[in-house]
Structure formats: C-alpha cells, structure tokens
Amino acid sequence: MTGFHPPSDRAPSPPEVQLPMGRSTRRLVEIEAVEDPDDPQKSSRFVKSYPGSVAAELGEDMTNFEQWKDEQAQRGENEWSPFKDQEEWELAQWLLKNVGQKSIDEYLKLPIRSRLSFHNTYTFLKKVDQLPTGPDWTCEIVDVAGNHADESGTMMTEHLELWRRDPVQCVRELIGNPALKDDIAYEPERVYTDKGGTNRIFDEAWTGDWWWKTQEKLPDGAVVAPVILASDKTNLTRFQGNKTAWPVYLTIGNVSKEKRRQVSRNATVLIGYIPVSKLECFDANSRAVAGYHLFHHCMEQILQPLQDAGRNGVRMTCADGKIRQIFPILAAYVADFPEQCLVACCKESRCPRCEVAFDERGELLLHTVWRDPEETLCQLEKEKRSQSKGYKTAQRFEDLGLRAVYDPFWKSLPHTNIFTCFTPDILHQLHKGVFKDHLVKWCTDILGADKLDARFRAMNGYPGLRHFKKGISFISQWTGTEHKEMQKVFVGIMAGAVNEKVLTAVRAVIDFIYYAQLHSHTTKTLASLQHSLETFHQHKDIFIDLEIREHFNIPKLHNIQHYIDSIVTLGSADGYNTESPERLHIDFAKEAYRASNKRDYTEQMAVWLQRQEAMFLRTAYLTWLHPKEPLQDLVDDELLDPDDEPSDSEDNHLADLAVVQYRLAKSPPFRNVTVDTLTTQHGAVDFLPAFCEFVRKHVSCAPTPSQYDRFDVYKQISVRLPFNRYISSNQMITDRIRTTPTRLSRGRHPSIPGNFDTALVIENPEEYCPSSSLNGLRVAQVRVIFNLPRQFGEFRHPLAYIEWFTMLGTPDRVTGMHLVKRSTRGHRRNAEIVSVDRIVRSCHLMGKCGREVDRGWTTDNVLEEAGAFWVNPYITVDKFVVTRSW
C-alpha cells in the first residue's frame with residue numbers, strides 16, 4: 001500500500017531477565033481453520049500462534065474472589081457481609097449510587113427503615129468501607145517554585161496535590177479479575193481470513209504487530225500486558241465556576257476491546273488526577289512551558305512503578321488462577337491532538353508521530369520519517385545544555401518542532417516508543433475535524449447555506465436518523481452525534497449539487513471515515529482505506545480551483561495518514577477512541593465532583609470513587625458466586641424459529657429459505673382493520689387485488705377475498721441482521737421497519753403523516769444468499785404488515801404488502817450508490833403481498849435531484865414526489881460494509 005511504512009523501533013532494550021520455566025500454554029506454530037469463506041457474514045479466523053515460549057504457568061493461586069469466599073467462610077459470614085442480607089445489600093447499592101450523604105441520613109431516619117443494620121450515613125459508610133476495594137489512593141504534594149515575585153519581592157511558590165494509585169497494582173487487579181476471565185488474552189497472534197495466510201485480520205490488540213514484536217524482546221514464558229493510557233482535561237462545573245479535573249485512565253490490551261469500552265465492566269480504571277493550576281507563580285512568558293513541565297513531572301510520578309515492572313516483570317495471579325510473569329509496558333496513549341503534542345514534547349504546529357515539515361502536512365506522503373525517541377531525548381538534552389550556557393537553539397531542534405521539556409515522563413519506560421503509542425482520534429480528527437470543520441464548510445461555501453439546508457430538509461426519514469428540519473446552518477452547538485448523522489446522508493445530499501470532482505472528493509472522505517470505524521480490519525479493508533485517502537488527495541485541488549481553499553496544510557488531514565500504521569500496530573481504532581475517556585469523565589470526574597461538598601474536592605472524589613469501586617467489586621463477586629444462565633439473543637415467543645417445519649400451505653421456496661429472523665409485537669396493535677382503512681391510512685391502494693393474487697397462489701380451498709374482510713395489523717417489524725465480521729459484536733443487531741399509519745387530525749391535534757419504510761426484500765430466493773451481498777434482493781416500500789385472517793387458513797409467517805422499486809443495477813460510478821425508481825405495472829405501482837421472512841434488512845432512499853432541490857419536497861412526501869432515488873449505503877456502517885466488496 002502506497003504511503004505505508006512501519007516505524008523504526010529503536011527504544012532502548014533493558015537487560016535480559018531469565019524467568020523460571022513453568023508449564024507453557026504456547027500452542028504449536030500452525031494455522032488452525034475455523035471457517036473458510038471470506039466475506040462480511042462469515043467468521044473464519046485462521047490463527048498463527050507465536051513461535052516462542054509465552055505465558056508460562058509458574059503455579060496456581062486463588063483469585064481475589066476465591067480468597068474473599070474463603071475468608072467469609074472462615075469468619076462464618078454470609079455472602080452479603082458486612083450487610084445483613086440480600087435486601088440490605090441491594091438497598092446499599094442503590095443508596096451509594098443515587099443518593100447524596102445528606103439525603104442518606106434523612107432516608108435512614110424514617111421509621112420504616114428500623115430493621116436495617118445501619119442507621120445513619122456514618123454507620124452506612126463504615127460498612128461500605130469494610131468491603132474489599134482496589135489499590136489505595138495516595139496524595140503527594142508537588143512544590144512548584146515560580147519565577148514571579150509577590151508584592152514583598154519574594155519568589156512565589158505553589159503547593160499542588162497529586163492524587164495517584166499504583167499502576168502496577170491496577171494492572172494486577174485487571175488481569176486477575178475473574179469476571180473478565182473469558183475476555184483476557186495472554187499471548188500475541190497473527191490471524192487471517194484464509195488458510196493461505198494472505199488476508200490478515202487486525203482487531204484486538206493481540207492481533208497487531210506491536211505485541212508480537214515486544215514479545216520477542218522479553219524472556220521466554222513472559223506475558224505482555226499492553227498498558228493503554230488516556231488523559232483529558234475536563235470541566236467539572238457546567239454553567240458557573242471554573243472547576244476542572246485532569247483524570248488519567250488505565251486499561252490493558254489483554255482485555256477484549258468490547259469489554260474495555262463497557263463502563264459497567266470496570267475494565268478501565270482511574271490511576272490519577274493531574275493537578276490543574278493557572279501557575280500564577282510564573283510570569284506570562286514562561287507559564288505555558290512551566291505547565292508542560294508540571295504535566296510530565298506528575299505523569300512520571302504516576303507511572304514510576306512501571307519502570308521496574310516493565311524491565312523485570314511481576315508475578316501475578318491471572319483471572320484463570322494461573323501465576324504468570326507479567327510485563328506491563330506502555331503500548332498506547334489515547335488523547336486528542338493538543339494532548340498528543342504535549343506528551344510528545346512537540347509544538348501543535350507539528351505532527352506528534354512523524355517528522356513531516358510544517359508546510360508539507362497537506363501532501364500525501366510517499367515515505368514517512370518517524371520520530372525517534374532516542375534522537376528526541378538527545379536533542380532535548382542538547383537544548384538543555386545550550387540554554388544553560390546561553391547558546392542559540394540548534395537547527396535540528398527547531399526542525400523537529402520540539403518544546404523545551406527536558407525530562408519527558410516516558411524517557412525511562414522500557415520498550416516504549418511514545419510516538420507509536422498515539423492512536424487514531426476518530427471523534428476529533430474525523431467527525432469534528434476533517435468532516436465538520438473542513439469538508440462541510442467547503443461544500444457550504446460552494447453550494448450556499450440556504451441550498452444546503454433545503455437539501456437536508458427534504459431528506460427522507462429512517463428509524464433513528466435525525467431530521468434536520470431547519471437545515472444545518474441553524475445549529476449552534478455541535479456534538480459528535482450531529483456529525484455522524486450528517487455523514488449518513490452527506491454523499492446523497494451533495495449528489496447532483498456539485499461537479500464530479502467535488503463529489504468524488506466528498507465520497508472519498510466519507511468512505512475513509514466509514515472504513516476507519518470498522519471494528520475488525522483485514523489487509524483488504526486497509527487497502528480500501530488507503531485507496532480512499534489517495535482518491536481524496538488526487539481530487540482535492542478542485543477546492544483550490546474553486547477558490548475555496550488556498551492550501552491543505554491542515555494538521556488533522558495529515559494525522560489520518562497514520563491510521564493504517566496504527567491499526568496494523570495496535571489493532572482496530574475502535575479500541576482506542578477518545579469517546580471512551582469522555583464517557584468515563586461522567587463517572588470518574590463529574591459524578592464524583594457532584595458528590596463532594598465542592599471544597600477540597602479532589603480528596604473527596606478519590607474516596608467516593610473508591611467506595612463505588614468497592615461496590616462494583618462486590619457485585620462482580622456475587623455474580624461470580626451465582627452465575628446466571630446466559631440470556632437468549634431473542635425472546636422465544638417473539639422470534640419465529642427458522643428451523644420450524646413449514647406449513648403445508650407455504651410456498652416451497654420460502655419454506656426452504658427460512659433464513660431471516662424477525663420480531664413482531666406479541667399481539668397486533670391494530671385489530672379488525674378494514675380494506676378501506678388500509679387504502680387510505682396506509683396508502684395500500686391495490687391491497688385487495690394483491691391479496692386476491694396471494695390467496696390464489698398460496699392458499700388452497702379458500703374463500704374469495706372481499707372489501708368486507710378484516711385484518712390484524714402490526715405497526716413495525718424488527719429484522720435480525722446476519723453476523724458482520726467487520727462490526728463484530730456479541731450483541732444482536734436489528735433493523736426496524738415501520739408501517740405506522742397516518743394519524744388523522746382530532747380537535748386541536750393536527751394529523752400526523754404515517755411512516756412506511758423501505759427495505760431490501762428477497763425477490764429471487766434461488767439467487768439470494770446471506771453472504772452474497774445484494775444478489776436476489778430488491779428495494780420495496782413496506783406499507784402493511786398483517787396476519788392472514790383465519791377464514792383463509794393458516795400461514796407460517798405474517799404477511800407484508802409492499803410496493804416494488806426497479807431492480808438494482810450497477811452502482812453509479814461517482815457516488816457508488818444504486819439508482820432506483822418506482823416499479824409500475826399497467827400504469828400502477830407494482831404491488832405484491834409477500835411473507836415477512838423475505839424482508840432481509842431496511843434500506844434508506846434519498847430523492848435524486850439536480851443542482852436545485854424541489855422546494856416542495858419534505859421528509860414526509862419525498863418518497864411520493866421524487867422520480868428517482870439513491871439507495872444510501874451510508875445509513876449504517878453495516879450497510880456500508882454489505883454494499884462494498886474488497
């Protein structure tokens with residue numbers, strides 16, 4: 001792939017450490033077949049194991065949970081101790097999570113609570129403090145000597161509090177947590193979609209190159225614990241005050257990224273609060289540099305235990321009860337761009353990963369010169385000596401764009417190349433940066449805000465899609481949600497409004513954003529990601545030709561060139577998204593601050609968090625004691641089993657197919673609906689002729705349908721989507737297709753238009769296969785979902801009245817989207833009644849228009865008014881993947 005070159009890895013290696021040899025869990029060096037087909041809806045994974053000795057078992061020991069169980073038995077306590085019983089424990093959980101200390105006191109004074117073993121906040125919290133918790137918090141005073149004198153002429157100083165926890169003990173807690181036993185890996189792998197090993201998979205941290213290469217540097221039998229850090233300054237007060245916190249979070253790459261992202265699993269822990277100060281003891285000219293030094297000093301103090309642990313390893317009891325030698329090594333640092341530059345000791349006008357020149361960041365690099373830790377430390381040391389002697393700053397120091405931070409926290413961390421630790425920031429670099437701040441602005445300048453707003457207002461609806469009913473120019477406060485909603489329709493919005501070169505550039509950016517969001521990558525998807533980037537750079541000059549831009553020297557546009565390297569090195573980008581720490585701020589910063597009295601709040605926040613952690617650990621322990629049966633993906637009485645025997649009256653093709661799982665309401669919400677109501681409120685103008693045709697073909701010995709028949713009607717159906725390896729998840733993914741009738745006006749309440757969504761429906765069962773993209777499928781609008789009335793016999797599935805669109809042809813060369821029109825037969829819409837198990841997934845249509853959009857189009861009528869429609873593949877990442885082939 002053009003532009004991809006792995007970075008040099010020249011971090012200093014520590015002395016070799018010999019481990020006692022125990023029983024190794026290493027697998028043979030072979031490729032194991034799981035499944036063969038290579039497509040989005042198959043999960044074939046061919047695994048090549050690490051060839052050396054890894055994850056040697058040095059013995060066995062009890063896990064934390066086993067120790068707690070044994071201690072309770074020895075003391076003769078029940079499992080709810082120190083609480084009296086399950087009821088009191090559940091009350092304690094609720095109180096600590098939802099009620100402040102003052103309100104707890106008021107609640108416990110109520111006479112109805114007299115049976116409790118605690119009677120006020122003090123006795124309640126004493127019981128909570130008896131619960132086992134994670135590593136203790138410590139407070140260290142950081143003395144900052146300034147260069148600014150006070151009124152008496154004395155140099156000012158500040159005394160700041162650094163609250164921190166031992167990161168090695170936090171790693172011990174994570175890797176030894178029995179609740180994560182089934183979600184922890186101890187060794188690197190190389191995974192492929194094919195037996196020949198030509199199409200490699202990159203998803204979890206252990207599938208990336210970093211873990212494999214780091215394993216080669218360690219003694220036989222060692223286990224790498226890839227430490228993932230995240231830090232981000234956040235406001236604690238919303239509308240008043242200026243209280244801020246600077247949390248530092250830690251997790252490990254041994255835990256699957258899906259569990260790391262779930263806040264409820266407690267797989268990411270808080271290890272410190274960096275002190276936040278205006279540093280008024282320094283003059284204005286040196287205050288910023290003093291802030292950089294303060295950050296690095298505090299981070300060095302927080303991470304100091306990782307230095308020896310990363311060199312020599314630490315024996316830890318893992319979640320499976322085995323003792324292994326664990327080497328916690330910094331692998332990834334999740335931060336936004338300014339904080340990446342702060343960590344890298346470089347100016348924000350430079351790239352924190354590579355040495356690209358200031359004026360070359362807008363170009364597609366054919367060769368990347370990566371920043372080198374050893375050279376950076378050497379240049380910082382030279383600058384320190386030069387400044388002490390009054391010499392001029394060296395040119396190389398200026399060329400690297402370094403800041404005068406002479407002792408970066410990462411200089412003593414073993415096996416760490418800090419510059420390769422920086423991960424893709426999809427939220428700030430793509431959603432907010434390249435897309436909203438640049439692409440949308442450029443297109444608005446080309447098209448005009450009024451015309452762009454008109455196109456957004458005319459956007460057809462879709463379940464969950466935000467409708468910008470006033471357009472986008474009136475939105476004053478943007479969030480990542482708005483950015484993502486705009487991306488879902490932006491290619492269709494711009495189609496016809498701009499020339500081919502602009503549209504090609506727009507599509508390339510949106511494609512890049514969608515590829516970057518995949519939860520699992522392969523060699524082929526990364527090639528597509530690179531192709532999207534190259535396509536944009538090939539067509540970007542059109543914005544200069546149109547006098548929209550003068551240059552593309554944009555930091556975020558440059559940063560996305562490093563995405564492929566990061567994914568190959570550390571795994572897919574979704575495991576390192578900055579949205580995760582922003583979500584953690586709610587629990588670990590904002591909620592903790594609200595629980596304090598707002599004075600000396602950092603200490604109170606640490607105590608509150610430790611108590612919350614204790615409750616979580618006890619909850620996990622109780623769940624471990626009483627494991628629940630795994631829940632079914634779908635409720636049995638709401639899911640029609642595809643393996644059920646078909647009824648005698650069902651068409652043979654449909655009976656043999658039976659591959660689509662769906663869910664309907666237990667009972668239809670609309671009963672005894674007349675044909676006239678279906679015609680007027682559902683728009684099913686040819687319902688009766690279509691129903692007559694269905695009965696003639698599929699029901700034998702049935703009466704002739706008439707307008708006096710009544711039907712039980714549903715208002716929506718949920719279709720279970722097939723597994724998609726590129727957005728892999730253990731959770732069920734469904735599509736919702738609405739058939740909500742028009743609600744007529746009543747009194748002062750106006751009428752509400754109905755919602756009749758479009759879907760991909762099996763037209764040709766012989767051609768359709770769940771793993772064959774769009775073969776055998778055709779777009780249709782679903783207007784009615786109903787049960788076959790009893791007088792016509794029985795049918796295995798409910799039925800749907802649909803109106804077909806034309807067949808899917810070759811996608812448009814520029815937009816990559818299919819173009820369809822209403823299908824007609826005898827100058828009427830081509831309508832048919834089909835079994836609902838032929839509805840495969842929802843789809844989104846966008847009215848095709850030229851440079852001017854019909855101002856009469858609205859979100860409610862565009863499906864009726866437009867003459868042609870784009871089939872929108874960007875409405876979800878799943879649909880984007882299904883419509884693309886690698």
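Biologist: How close do the axes of α14 and α18 come, and at what angle do they cross?
Modeller: The axes of α14 (residues 426-447) and α18 (residues 500-516) come within 11 Å and cross at roughly 165 degrees. Axes are lines fitted to C-alpha atoms, for helices over the stretch in contact, with angles from 0 to 180 degrees between N-to-C directions. Helices are DSSP runs (H or I, at least four residues) and strands likewise (E, at least two), numbered from the N terminus. This is a predicted model, where local features need pLDDT of at least 70 and side-chain atom pairs count only at pLDDT 80 or more, while totals for chains, interfaces and linings use all residues. Residues are numbered from 1 along each chain as its sequence is written, and side-chain values use heavy atoms, with hydrogens and water left out.

Biologist: Which residues of α14 and α18 meet?
Modeller: On α14, they include Leu430, Val434, Phe435 and Leu439, and on α18 they include Val506, Ile510 and Ile513; contact means heavy atoms within 4.5 Å. By class, that contact has 14 nonpolar, one polar and no charged residues. Ala, Val, Leu, Ile, Met, Phe, Trp, Tyr, Cys and Pro count as nonpolar, Asp, Glu, Lys and Arg as charged, and the others, Gly among them, as polar.

Biologist: Which residues touch the most other members of the largest nonpolar core?
Modeller: Leu439, Phe456, Phe490, Met494, Val506, Ile510 and Phe543, out of 66 residues. Such a core is a set of buried Ala, Val, Leu, Ile, Met, Phe, Trp, Tyr and Cys residues joined through side-chain atoms within 4.5 Å. Buried means under 20% relative accessible area, exposed over 50%, partly exposed in between (1.4 Å probe, protein chains only).

Biologist: Which helix gives the most to this core?
Modeller: α18, with twelve residues.

Biologist: And what does Met494 touch?
Modeller: Cys443, Leu447, Leu452, Leu503 and Val506, not counting residues up to four places away in sequence.

Biologist: Changing topic, where is Gly221, and is Gly221 buried or exposed?
Modeller: Gly221 is in the loop between α6 and β7. Gly221 is buried, with a relative accessible area of 3%. The C-alpha atoms of Gly221 and Gly52 are separated by 8.1 Å, and these residues are 169 apart along the chain.

Biologist: Which residues of α6 are buried?
Modeller: In α6 (residues 209-217), the buried ones are Asp209, Trp210, Trp211, Trp212, Thr214 and Gln215. They pack against several elements, including β2 (46-49), β5 (189-192) and α22.
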